[in-house]
Amino acid sequence: MPKNKSFLQPPLAFSGNKRFWAGELADEALLLPAGARVWDVFGGSGVCARVIKDARPDCEVVWNDHDGYSDRLLHAAETEDLRRSLIRMCGYEGCRNDGTRFRAPIKGALRDEVCALFRSHYEKYGYFDGLTVRRWLSIGACKAPIDPYKPPADLYARVPRAQLRVDQALSWCDGLIVVHKDFLDLEIKPGDFVILDPPYVGSCVDEYGGRETLQILRGCRDLMEICPFILFGDASISFWYEVLTEKYNPRFFQKDGLISGYNGKSRSEVMFSTW
């Protein structure tokens, strides 16, 4: 396991589950040669890159932050200031407590005050973490960040009482090389090590240039041809076992219930490794 266990949980909200694979990732990192270069190819919160770097400080670990998560981390203090303001405005009793999900609608004069706060916060700091605010105040399947000048019609008081971990947010990237590129533009060389966690079938792929899932998988396949890889996938797709096992003979690990499914049914996730 990584020495710094505080890094297993991303400091800011992110839809992902790779923190549950921290032990397996750290074990695989111990197999890397000295000074190896590792690429965390598909953005995300950088948990995989963080775990590898903690387990193997001697390795060069590149996090391709295509989702802009590192920018949100840099502004964590401003976002914490917004959280405190929202709590004062909505009232402490109107915020989430540990283990609960308070969903009181924000209406009328209170809504006007909240919307004005959004605008003043953006004008003060020149930044607004619309993804974190969406997690706090919005309900539903929409994944788009909240626009401080055009908030959604329905807002709900779900602001967490717990402070944001600002210190951890600011140190999240320590020791990592952070780039912001399309994954096909990364300068990955044969013999580098890659972590591939592509978006699953049916998930939003707008962050990757709007490509269809098959196009993304082809890009993964090309990288797997030249680099030792760790690949995450949906365990319900037999393709993973049939094709990968026959061609690459990887080690594989499975965890149940990590992938959210339709009708409230979760699915298992599998990790393959040729490191």
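Helices (H or I, at least four residues) and strands (E, at least two) are DSSP runs, numbered from the N terminus. The model is predicted, with local features needing pLDDT of at least 70 and side-chain atom pairs counting only at pLDDT 80 or more, while totals for chains, interfaces and linings use all residues. Residues are numbered from 1 along each chain as its sequence is written, and side-chain values use heavy atoms, with hydrogens and water left out.

**View A. Asn 249 in the loop between helix 9 and strand 8.** The loop that holds Asn 249 runs between helix 9 (239-248) and strand 8 (251-259). The phi angle of Asn 249 is near 50°, which is a positive value in a residue other than glycine. Because its relative accessibility is 63%, Asn 249 counts as exposed (exposed means over 50% relative accessible area, buried under 20% and partly exposed in between, with a 1.4 Å probe and protein chains only).

**View B. Asp 192 in the loop between strand 5 and strand 6.** Strand 5 (177-179) and strand 6 (193-196) are the elements on either side of this loop, and Asp 192 counts as buried because its relative accessibility is 10%. Leaving out residues up to four places away in sequence, Asp 192 touches Arg 37, Trp 39, Glu 187, Cys 227 and Pro 228, where contact means heavy atoms within 4.5 Å. Asp 192 and Pro 228 are 36 residues apart in sequence, and 7.0 Å separates them in space, C-alpha to C-alpha.

**View C. The crossing of helix 1 and helix 2.** The axes of helix 1 (residues 22-29) and helix 2 (residues 47-55) come within 9 Å and cross at roughly 50°; axes are lines fitted to C-alpha atoms, for helices over the stretch in contact, and angles run from 0 to 180 degrees between N-to-C directions. Helix 1 and helix 2 are therefore oblique to each other, since angles under 35 degrees count as roughly parallel, over 145 as roughly antiparallel, 65 to 115 as roughly perpendicular and the rest as oblique. In the contact, Ala 22, Leu 25, Ala 26 and Ala 29 of helix 1 meet Cys 48, Val 51, Ile 52 and Ala 55 of helix 2.

How values were computed:
A crossing is left-handed if the near helix is turned anticlockwise from the far one by less than a right angle, and right-handed if clockwise.
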